[in-house]
Amino acid sequence: MNSLFPQQEIEDILKNHFTGISPDHRSQGYVKEGVLEVTAHMDIQNCHLNSLNYIQNLKSPRFIKTHAVPKCLPTQLLSGTKKAKIIYISRNTRDVCLSSYYYTKNVVKVHDCSLDDFCKVFISNDNHFESILYFWNAGHQENVLFVRYEEMKNDLGEVIQRVAKFLNKTVTDEQQSKLLKWLDIDQMKLNKAVNHETMYQATGFIRKGIVGGYKQEMSPEILEKFKIWIRESLKDSDYFECE
């Protein structure tokens with residue numbers, strides 16, 4: 001999804017400080033197009049259609065990004081027998097939904113429904129908060145860094161420094177200045193690799209990247225449904241959504 005683009009670029013730049021792990025065949029559910037991806041110099045077809053084989057053939061250290069739910073991750077990672085560094089990114093649920101709507105409608109073109117109808121289906125997805133809360137609760141572990149999308153939009157420089165520290169990396173003021181320019185959304189819209197134009201044969205993967213865009217597009221009825229769903233989903237957690 002286009003919701004996480006600054007973070008995946010930060011990680012890509014610092015990727016050689018990740019610890020590799022061996023994917024496990026516990027679940028074939030994550031061998032799906034777009035679920036396991038390798039950003040840098042990736043072979044589009046092999047990466048997306050043969051994800052496990054592609055990753056198994058990579059040399060360590062490896063940098064892997066995924067949208068897989070926790071139960072579909074390698075058991076080595078879930079059990080703690082492997083301590084690969086994990087950077088998990090959360091975003092306001094309604095903005096995620098809006099981003100997903102335009103991605104699936106305009107980029108991969110898998111539907112042509114209204115935003116209201118899409119939202120109703122999105123709200124029925126139990127996996128959404130499962131993933132967020134799993135990694136929120138694991139945030140105290142030394143190999144897990146939990147970052148909010150809204151933090152990147154508010155102070156990207158601070159997040160760059162936090163990620164660098166997590167990866168035992170030092171970023172100078174000059175390097176950070178270059179990163180801030182490189183990660184500017186208008187600059188990233190011009191980056192064909194980040195937009196995956198070759199793979200999708202379409203533009204629009206990176207759309208607006210703003211915080212709170214849902215407020216201008218979702219109906220009051222849908223916003224109320226989201227409010228109830230979010231409240232119920234988070235009632236037993238100290239996790240909260242940023243606006």
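The sulfur of C97 sits 3.7 Å from its closest cysteine sulfur, the one in C119, and that is too far for a bond. A disulfide, after all, is a pair of cysteine sulfur atoms within 2.5 Å. By this rule the count comes to 0 disulfides. C113 is in no disulfide either: its nearest cysteine sulfur, that of C119, is 8.8 Å away.

Before we go on, a word on what you're looking at. This is a predicted model, where local features need pLDDT of at least 70, side-chain atom pairs count only at pLDDT 80 or more, and totals for chains, interfaces and linings use all residues. Residues are numbered from 1 along each chain as its sequence is written, and side-chain values use heavy atoms, with hydrogens and water left out.

**The overall picture**

The protein chain has 15 helices and 4 strands. Here helices (H or I, at least four residues) and strands (E, at least two) are DSSP runs, numbered from the N terminus. Of the 243 residues in the protein chain, 50% are buried. Buried means under 20% relative accessible area, exposed means over 50%, and partly exposed is in between (1.4 Å probe, protein chains only). Then there are contacts, meaning heavy atoms within 4.5 Å. Among the contacts in the protein chain with a separation of 6 or more, 70% join residues 24 or more positions apart.

Here's how a few residues score on accessibility:

| Residue | Relative accessible area | Class |
|---|---|---|
| C97 | 0% | buried |
| N92 | 1% | buried |
| F129 | 4% | buried |
| W229 | 12% | buried |
| C113 | 25% | partly exposed |
| L190 | 67% | exposed |

**Inside the core**

Which residues have the most contacts inside the largest nonpolar core? They are C97, C119, F122, M218, F226 and W229, in a core of 33 residues. A nonpolar core is a set of buried Ala, Val, Leu, Ile, Met, Phe, Trp, Tyr and Cys residues joined through side-chain atoms within 4.5 Å. The elements giving two or more residues to this core are β3 (86-90), α5, α6, α7, β4 (144-148) and α15. In soluble globular proteins, nonpolar side chains tend to be buried together.

Start with α6 (residues 115-123), where L115, F118, C119, F122 and I123 are buried. Seen down the axis of α6, its buried residues fall within an arc of 135°, so they line one face of the helix. (The arc is that of the directions from the helix axis to the C-beta atoms.) An α-helix has 3.6 residues a turn, so residues three or four places apart point the same way. The cover over the buried residues of α6 includes α5 (93-107), α7 (127-137), α14 (214-217) and α15 (220-233).

Next comes α7, with H128, F129, S131, I132, L133 and F135 buried. Their cover includes β3, α5, α6, β4 and α15.

**Rings and charges**

There are 12 aromatic pairs in the structure. Rings of Phe, Tyr and Trp (its six-membered ring) pair if their centres lie within 6.5 Å; planes under 30 degrees apart count as stacked, over 60 as edge-to-face and the rest as tilted. F129 and W229 make an edge-to-face pair, 5.0 Å centre to centre with 65° between the planes. F129 is in helix α7 and W229 in helix α15, so this pair ties together parts that are 100 residues apart in sequence. Elsewhere, ring pairs link Y88, Y134, F135, W136, F146 and Y239 into a cluster.

Some charges sit over rings too, with NZ of Lys or CZ of Arg within 6 Å of the ring centre and within 35 degrees of the ring normal. R91 lies over the face of Y149, 4.1 Å from the ring centre, and R148 lies over the face of F240 at 4.2 Å.

**Two loop residues**

N92 lies in the loop between β3 and α5. Setting aside neighbours within four places in sequence, N92 is in contact with E150, Y214, E241, C242 and E243. N92 and E150 are 58 residues apart along the chain, with 7.9 Å between their C-alpha atoms.

L190 is in the loop between α11 (185-188) and α12 (192-195). L190 and I206 are 16 residues apart in sequence and 9.5 Å apart in space, C-alpha to C-alpha.
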